[in-house]
Amino acid sequence: MEKLMFLDELTPVVREITSHPVAFLGGFFSGLFRLNLNDDPVKSWLDQQSGSSVSPSDAPPSSNGSGPQSISID
């Protein structure tokens, strides 16, 4: 009886894997090889696959670009 409960808990996971196998395998291999999706070879390939590219001019502007700033809370 406990085996059926275990299988019932895995059913949604298996359903998601079978509905999006490419996304699952991509995430699995990027985690397995510890790939950072923001690194250049992976990022440029993802941009080519999605057909869009985010350039620095498309990024939201920062306040002054000098890094972290300190604030005081009264």
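Three aromatic pairs turn up in a search of the whole structure, which is a predicted model. Ring pairs join Phe24, Phe28, Phe29 and Phe33 into a cluster. The chain itself holds three helices and zero strands. Of its 74 residues, 3% are buried.

**Aromatic pairs**

- Phe28 and Phe29 form an edge-to-face pair, because their ring planes stand at 75°, and over 60 degrees counts as edge-to-face.
- The ring centres of Phe28 and Phe29 are 5.5 Å apart.
- Phe29 also pairs with Phe33, with ring centres 6.2 Å apart.
- The planes of Phe29 and Phe33 meet at 15°, so this pair is stacked; the cut-off for stacking is under 30 degrees.
- Phe29 therefore takes part in an edge-to-face pair with Phe28 and in a stacked pair with Phe33.

**Exposure of the cluster rings**

- How exposed is Phe33? Phe33 has a relative accessible area of 56%, so it counts as exposed, the limit being over 50%.
- Phe28 is partly exposed, at 45% relative accessibility.
- Phe29 is partly exposed, at 39% relative accessibility.
- Phe24 is partly exposed too, at 37% relative accessibility.

**Helix H2**

- Along the sequence, the chain reads α-α-α.
- Helix H2 covers residues 21-32, which is 12 residues.
- From first C-alpha to last, H2 reaches 16 Å, close to the 16 Å expected at 1.5 Å a residue.
- After H2 comes Arg34, with a positive phi near 55°.

**Ser30**

- Where does Ser30 sit? Ser30 is found in helix H2.
- Is Ser30 buried or exposed? Ser30 has 16% relative accessibility, so it counts as buried, the limit being under 20%.
- A polar atom of the Ser30 side chain lies 3.0 Å from the backbone oxygen of Gly27.
- Ser30 thus pairs a buried setting with a side-chain polar atom 3.0 Å from a backbone oxygen.

Terms used:
Residues are numbered from 1 along each chain as its sequence is written. This is a predicted model: local features need pLDDT of at least 70, side-chain atom pairs count only at pLDDT 80 or more; totals for chains, interfaces and linings use all residues. Side-chain values use heavy atoms; hydrogens and water are left out. Rings of Phe, Tyr and Trp (its six-membered ring) pair if their centres lie within 6.5 Å; planes under 30 degrees apart count as stacked, over 60 as edge-to-face and the rest as tilted. Buried means under 20% relative accessible area, exposed over 50%, partly exposed in between (1.4 Å probe, protein chains only). Helices (H or I, at least four residues) and strands (E, at least two) are DSSP runs, numbered from the N terminus. The expected span of a helix is 1.5 Å times one less than its number of residues. A polar contact is a pair of N or O atoms within 3.5 Å; within protein, one must be able to donate a hydrogen and the other to accept it, and residues adjacent in sequence count only if both atoms are side-chain atoms.
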